[in-house]
Amino acid sequence: MQDVQLTHRPVISTTGLFTPAESISNEELVESFNRFVELHNERHADAIAAGEMEALQPSSVEFIEKASGIKARHVMSKEPILDPEVMAPRWDERPDDELAIMAEIGVIAAKQALERAGRKVEDVDAVLCAASNMQRAYPAMAIEIQQALGIDGFGFDMNVACSSATFGIQTAADYVRAGNAKSVLVVSPEITSGHLNWRDRDSHFIFGDVATAVLVEDEAIAPKEHWAILGTKLKTVFSNNIRNNFGFLNRAHPETSGSADKLFVQEGRKVFKEVVPMVAQMIIDEAEKLQLDPAAIRRLWLHQANAGMNRLISQRVLGHEANADESPTVLDTYGNTSSAGSIIAFHRHSEDLVPGDTGLICSFGAGYSAGTVFVRKAA
């Protein structure tokens with residue numbers, strides 16, 4: 001790339017998406033879960049009859065779709081998840097000199113983003129790996145992705161759960177604004193099947209696997225078709241209503257290292273009640289600061305966790321119930337993909353907008369955390 005006069009105005013140049021080949025329908029998931037319930041209740045029949053243990057209750061397609069709006073989810077390892085004796089992903093552990101599975105899918109999404117932007121790796125300054133759970137503590141997944149791509153720069157991991165990608169976009173945008181980078185990849189590989197409790201009736205249907213990448217760059221080097229970042233806003237409020245206690249300190253109390261709280265747990269009703277008003281007001285307030293009419297936002301690419309939450313948030317922001325064009329969903333076929341959800345929605349439902357249209361990428365989740373990225377399609 002020839003020397004250019006940088007503007008220090010950050011834009012989203014393009015995005016990338018990796019989708020696993022395998023998908024689990026609600027029907028398949030319910031059949032597997034209910035078989036697990038039958039086996040469990042049979043094996044513990046005496047304890048259940050004696051009142052020492054409660055019988056597990058079956059799930060249903062109707063329950064799942066009413067509770068979440070999810071109809072299917074992509075996964076990296078389908079057969080073991082559906083095996084009532086396993087109900088978790090399985091694959092061979094890779095040697096240290098082989099690319100980690102999380103880095104592998106992140107690289108695929110990143111390469112697609114670079115190709116779509118016509119960007120060479122030598123023009124990229126940094127890689128941020130922003131995801132809800134990292135495969136390991138260190139070395140950073142971002143640095144492994146950086147190495148695999150051949151980028152001469154720096155990288156680091158970020159974890160703000162389901163808001164990781166939007167937090168990563170603001171961080172990348174701040175580097176561009178400060179002149180510390182001209183091109184930054186924000187990569188979000190989400191293998192959420194690894195931290196989902198597939199034996200928990202209240203949550204076994206929620207998550208899916210995927211990887212996304214967002215290329216944030218200085219406007220001066222961006223491709224003709226890009227999205228100007230008008231403004232970003234981040235917010236966190238501590239809550240235990242979504243939690244995962246898995247970590248290296250679990251070995252200090254081995255007697256509980258395999259308990260349910262070492263996987264995803266949540267108080268869903270409390271999350272719904274507390275997060276919806278917080279996020280809706282955050283969007284409205286930030287739009288007004290940017291001198292944008294919230295009701296005139298052309299499209300909302302919201303976090304893909306729950307159809308009901310998105311319906312209420314979009315209604316409060318737009319002043320009416322949003323249609324599929326105003327607030328598109330990928331939740332039905334991808335499930336909740338944590339930080340990647342709003343990016344998938346943006347990736348798949350943004351090309352039809354015209355120059356001058358404004359939109360909002362918004363994610364929210366454990367923390368609580370919430371991130372907004374207001375964008376405008378370049379004229």
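These legends describe close-up views of one predicted model. Local features are taken at pLDDT of at least 70 and side-chain atom pairs only at pLDDT 80 or more, while totals for chains, interfaces and linings use all residues. Numbering runs from 1 along each chain as its sequence is written, and side-chain values use heavy atoms, without hydrogens or water.

**View 1. The second largest pocket, with a volume of about 300 Å³.** A pocket is an open set of points on a 1 Å grid over the protein atoms alone, with protein on both sides within 12 Å along at least five of seven lines. Grid points are joined across faces, edges and corners, and a volume is the space filled by probe spheres set on the points. Lining residues have an atom within 4 Å of a point. Here there are 16 of them; Ala307, Asn310, Arg311, Ser327 and Thr329 lie nearest the centre. Helix α9 (307–318) and helix α10 (331–334) each supply at least two lining residues. The top contributor is α9, with four. Helices (H or I, at least four residues) and strands (E, at least two) are DSSP runs, numbered from the N terminus. By type, the lining has five nonpolar, seven polar and four charged residues. Nonpolar covers Ala, Val, Leu, Ile, Met, Phe, Trp, Tyr, Cys and Pro; charged covers Asp, Glu, Lys and Arg; the others, Gly among them, count as polar.

**View 2. The largest cavity, about 30 Å³ of space.** A cavity is a set of grid points where a 1.4 Å probe fits but cannot get out. The whole structure holds one of 30 Å³ or more. Its lining is Leu29, Ser32, Phe33, Ile81, Met87, Trp198 and His204. Helix α1 (residues 26–43) gives the most, with three residues. Five lining residues are nonpolar, two are polar and none is charged.

**View 3. Helix α8 (residues 268–289) and its bend at Val275.** The helix has 22 residues and reaches 31 Å from first C-alpha to last. That is close to the expected 32 Å, taken as 1.5 Å times one less than the number of residues. The bend at Val275 is about 30 degrees, and Pro277 follows within four residues. The bend is the angle between axes fitted to the seven residues ending there and the seven starting there.

**View 4. Glu144 in helix α6 (residues 141–149).** Glu144 is buried, at 16% relative accessible area. Leaving out residues up to four places away in sequence, Glu144 touches Glu98, Leu99, Ala100, Ala103 and Arg136. Contact means heavy atoms within 4.5 Å.

**View 5. Backbone exceptions in the loops.** Most residues other than glycine have a negative phi, and most peptide bonds are trans. The bond from Tyr138 to Pro139 is cis, with omega near 0 degrees. Pro139 sits in the loop between β4 (126–130) and α6. Gly367 and Tyr368 are also joined by a cis bond, with omega about -10 degrees. Tyr368 belongs to the loop between β12 and β13. Ala161 has a positive phi, near 50 degrees, in the loop between β5 (154–158) and α7 (164–178). Gln291 has a positive phi of about 60 degrees and lies between α8 and β11 (299–302). Ala161 is buried at 14%, whereas Gln291 is exposed (over 50%) at 76%.

Definitions and conventions. Buried < 20%, exposed > 50% of the residue type's maximum accessible area, 1.4 Å probe, protein only.
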